Amino acid sequence: MNNGYLHIRSTEAIWLNPDQNVFTGLNKVCIWRIKTSDFLSESESFMLILNLEETERILRYKSATNRKTRIISRAVLRILLGRYLSLDPIEIIFELDLHKKPVLKNASDKPIHFNVSHSGDWILIAVSANPIGIDLERIDASFTYQNLLDFSFDIEEKSYIQKSRFPVETFYQLWTRKEALLKANGKGLVDELDLIPSLDGLYQNPDQLINSGQSWEITSFSIDENHIGSAAFMPVKTALQFLNFQL
């Protein structure tokens, strides 16, 4: 019998500049915030951190903006993981798990999990000792979210969005919660998205859908006034840490 649960809530994110102690252990779930425009000048030096496969994949993107975002995202991920593992960023080796989700191949005896999301001018990188998922969305007031309501939300969720004072923001909040949980499990988007709870509260884990009987915390937060994110992670005794990436 499934005893796993989903605990869904929102929290106020207080974004702090880190000290070096944050890399000495993984007893906290860390959410790293990277503003793409702040690191555009580093694109060339960041390219030197990437391996040939990463570089070739990124160069296939036709949009220069997309290429630069992905260069920054991948390079910062390497830098962060290198700091946690006391490795040169170039030494980080990735592989794909059974769900085609990137994982570390050379994490040695220090288990470390990560997930990445980017939208608009922001990148989020979540790091934890256990599986974790992160989703970030730029709030687009012109987006016709109504087209997704019937396929992605149950009756209660649809009503909650439609009655909200800020329906667009509410849509993105609930959407990121669903996607963060699926990313934490490596499942990606599924057809039965409406079966995954997204309103605040405590729920039984829909393990038949996500193939995991674990308990999960799903927490939403603001990145700035135009971006919203959610993280899905296994329950921990400490609060989330919201951190600004710095070179």
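## Helix α2

Glu 54, Thr 55 and Ile 58 of α2 are buried (under 20%). Seen down the helix axis, the buried residues fall within an arc of 100°, so they line one face of α2. The arc is that of the directions from the helix axis to the C-beta atoms. These buried residues pack against α1 (43–47), α3 and β3, where contact means heavy atoms within 4.5 Å.

## Model and numbering

This is a predicted model: local features need pLDDT of at least 70, side-chain atom pairs count only at pLDDT 80 or more, and totals for chains, interfaces and linings use all residues. Residues are numbered from 1 along each chain as its sequence is written, and side-chain values use heavy atoms, with hydrogens and water left out. Helices (H or I, at least four residues) and strands (E, at least two) are DSSP runs, numbered from the N terminus.

## The largest pocket

The largest pocket has a volume of about 690 Å³. A pocket here is an open set of points on a 1 Å grid over the protein atoms alone, where a 1.4 Å probe fits, with protein on both sides within 12 Å along at least five of seven lines. Points are joined across faces, edges and corners, and the volume is the space filled by probe spheres set on them.

The lining of the largest pocket has 22 residues, each with an atom within 4 Å of a point. Arg 57, Arg 70, Arg 74, Pro 102 and Val 116 lie nearest the centre. Four elements each supply at least two lining residues: α2 (52–59), α3 (64–85), β3 (94–96) and β5 (113–119). By class, the lining has 9 nonpolar, 5 polar and 8 charged residues. Asp, Glu, Lys and Arg count as charged; Ala, Val, Leu, Ile, Met, Phe, Trp, Tyr, Cys and Pro as nonpolar; the others, Gly among them, as polar.

## Ser 86

Ser 86 is found in the loop between α3 and β3. Its phi is near 55°, a positive value in a residue other than glycine. Most residues other than glycine have a negative phi. Ser 86 is exposed, with a relative accessible area of 68%.

## Helix α6

Helix α6 (residues 167–184) has 18 residues, which at 1.5 Å a residue should span 26 Å; its end C-alpha atoms are 26 Å apart, in agreement. The expected span is 1.5 Å times one less than the number of residues. α6 is mostly covered, with 16 of its 18 residues buried. Gly 186, whose phi is positive, near 75°, follows α6.

Thr 170 lies in α6. Thr 170 is buried, at a relative accessible area of 10%. Leaving aside neighbours within four places in sequence, Thr 170 is in contact with Tyr 160, Ile 161 and Ser 164.

Conventions. Buried < 20%, exposed > 50% of the residue type's maximum accessible area, 1.4 Å probe, protein only.
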